Structures are given as structure tokens and as C-alpha cells.
Amino acid sequence: RLALAQAIDREFLDKVRGGGIGTVANGPFAKDVMGYLEDTGYPAFDVEAAKASAAAYKAETGKDLEFVYSYGAGESGTLTAQEIQKQLQEAGIKMTPQPEGTQATLIDKAIGGTFQAVGWRNHPGADPDTQYVWWHGQGNPVNFGRIEDPEVDRLLEKGRSDPEDRQATYEELNRRFGSEVYNLWTTFTIWAIGTKPNVHGILGPDLPEGGSPFPGLGTGHFVHGMWLG
């Protein structure tokens with residue numbers, strides 16, 4: 001995982017595949033989300049370091065570092081996979097792209113754990129506790145990365161049970177993801193809804209306690225607060 005993180009130039013990947021409009025991610029929490037850190041300790045792009053990490057893998061296992069990458073079929077996904085493949089090759093890492101015919105097939109692979117690496121978009125930016133289901137261990141079927149880390153479990157449980165120190169808890173969790181490289185981050189996804197000027201309440205009504213509704217759109221948005229004026 002370390003070798004792959006060091007071998008992928010996320011800024012260049014965003015430039016050639018995302019038009020350069022994205023923000024490179026170094027963890028699961030975007031800037032306005034509790035737990036965000038400017039520096040999580042996630043490995044920096046460094047081809048020579050990636051070559052050294054790949055060599056260390058071969059010395060330990062006796063095998064070259066190679067794997068199959070499963071992703072959603074389609075031109076966009078294929079072009080992205082090809083760019084990642086090219087970058088990994090420069091570090092001596094062999095990645096074989098494997099497009100999956102349907103989204104359902106990709107989901108089945110993720111839930112079943114029948115993959116070596118899988119392209120996935122997740123963690124839409126709500127309260128960090130909403131990510132508990134994706135990362136907590138104990139045979140969790142939607143813990144796609146099969147993370148079995150007592151420290152991750154501890155921090156998730158603490159964030160849920162200790163309201164006084166949640167910011168520090170999730171910052172620590174962010175650093176844990178950075179040091180252990182459980183996920184290979186690329187960029188934070190940009191979401192938008194196009195409306196006419198007279199359409200209001202697109203994200204929903206204000207919450208009962210006076211707060212604003214969650215602005216993330218990764219899982220859709222409410223429509224019961226929309227009105228025309």
C-alpha cells in the first residue's frame with residue numbers, strides 16, 4: 001500500500017483526468033468536516049521511494065509487486081485506470097486493469113472481498129460518525145478494505161461515546177489512515193446542482209435546532225424544503 005501511495009501523482013492525475021479542478025485528498029475528511037487535517041502523514045508522491053518500497057516488498061515476499069484493479073466499466077474509468085497503470089509502471093509496479101460490466105458486479109466484489117484493489121467513491125462529508133459502518137472491524141461486510149485495526153475501532157467508538165473531544169479523536173483517526181495507508185486517496189469529489197434563481201431551499205429546510213442542513217450531495221439531497229419565489 002505504501003509503494004502505491006508513493007507512486008501515484010495525484011495532482012497530475014487530477015490535471016489529466018479531472019481538468020485540474022479537484023482538491024487532492026490526503027484522508028477521508030474534507031476541509032469543512034470534523035477531523036480534517038492539512039497534513040495527515042499520508043505518503044507524498046515520490047517515485048524513488050516507491051521503487052524502494054516495491055523492492056522491500058519483493059525482498060520480504062519473494063514476489064514482484066503486482067495486482068488487479070477492479071473498477072466500473074466505461075470510458076472515463078478506463079482512461080483513469082490507464083493513467084494510474086502508467087504511473088505505477090514507472091515505479092516498477094504492475095497493475096492489471098479489470099473493468100467490471102455493471103455497478104452491481106463491482107458492489108458484489110467489494111462486499112464479498114473478491115478483489116485485490118477496487119476503485120470506489122465514498123465518505124460524502126457528513127459527521128465522521130457516519131463512517132463507523134465502513135471502517136469498524138469485527139467481520140463487517142461493508143468494511144470493504146477488511147480493516148482489522150484495534151486503534152481504528154477504538155477511535156470510532158470514542159468518537160461516538162465521548163462528545164467532549166470529538167475533534168481531536170477524528171484528527172487522530174485521520175492520522176491513523178495516513179500512517180497505515182488503508183485507502184489510496186485521490187481527490188475530493190466536487191458536487192453541484194444547477195437551478196434557476198427563483199428556486200430556493202435546494203438542500204432542505206433549516207434544522208429544528210436552528211442549524212443548516214448537510215450540504216454534501218454524495219448520497220443525494222432533500223427536496224421537501226424546496227420552494228419557488
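The residues lining the largest cavity of this predicted model divide into five nonpolar, three polar and no charged. In this division, Ala, Val, Leu, Ile, Met, Phe, Trp, Tyr, Cys and Pro count as nonpolar, Asp, Glu, Lys and Arg as charged, and the others, Gly among them, as polar. The lining is made up of Pro-28, Phe-29, Val-33, His-123, Gly-125, Ala-126, Pro-128 and Gln-131, where a lining residue has an atom within 4 Å of a cavity point. A cavity here is a set of points, on a 1 Å grid over the protein atoms alone, where a 1.4 Å probe fits but cannot get out. The volume of the largest cavity is about 40 Å³, taken as the space filled by probe spheres set on the points, with grid points joined across faces, edges and corners. One cavity of 30 Å³ or more is present in the structure.

Residues are numbered from 1 along each chain as its sequence is written, and side-chain values use heavy atoms, with hydrogens and water left out. Because the model is predicted, local features need pLDDT of at least 70 and side-chain atom pairs count only at pLDDT 80 or more, while totals for chains, interfaces and linings use all residues.

Turning to charged contacts, 10 salt bridges are found across the whole structure, each being a side-chain nitrogen of Lys or Arg within 4 Å of a carboxyl oxygen of Asp or Glu. In one of them, Arg-166 and Asp-127 meet through their side chains at 2.6 Å, N to O. This pair links distant parts of the chain, 39 residues apart: Arg-166 belongs to helix H8 (residues 166-180), and Asp-127 to the loop between strand S4 (117-118) and helix H6 (132-135). Helices (H or I, at least four residues) and strands (E, at least two) are DSSP runs, numbered from the N terminus. Arg-166 is buried, at 17% relative accessibility, whereas Asp-127 is partly exposed at 32%. Buried means under 20% relative accessible area, exposed over 50%, and partly exposed in between (1.4 Å probe, protein chains only).

Within helix H7 (residues 150-161), Glu-151 and Arg-154 lie three residues apart, about one turn of the helix, and form a salt bridge whose closest N and O atoms are 2.8 Å apart. Both partners are partly exposed, Glu-151 at 22% and Arg-154 at 35%.

A salt bridge of 3.9 Å, N to O, also joins the side chains of Arg-176 and Glu-180. These two are separated by about one helical turn because they stand four residues apart in helix H8. Salt bridges with shared partners join Asp-149, Arg-176 and Glu-180 into one network.

Notes:
1 Å grid on protein atoms, 1.4 Å probe; cavity = no way out; pocket = protein on both sides within 12 Å on 5 of 7 lines; lining within 4 Å.
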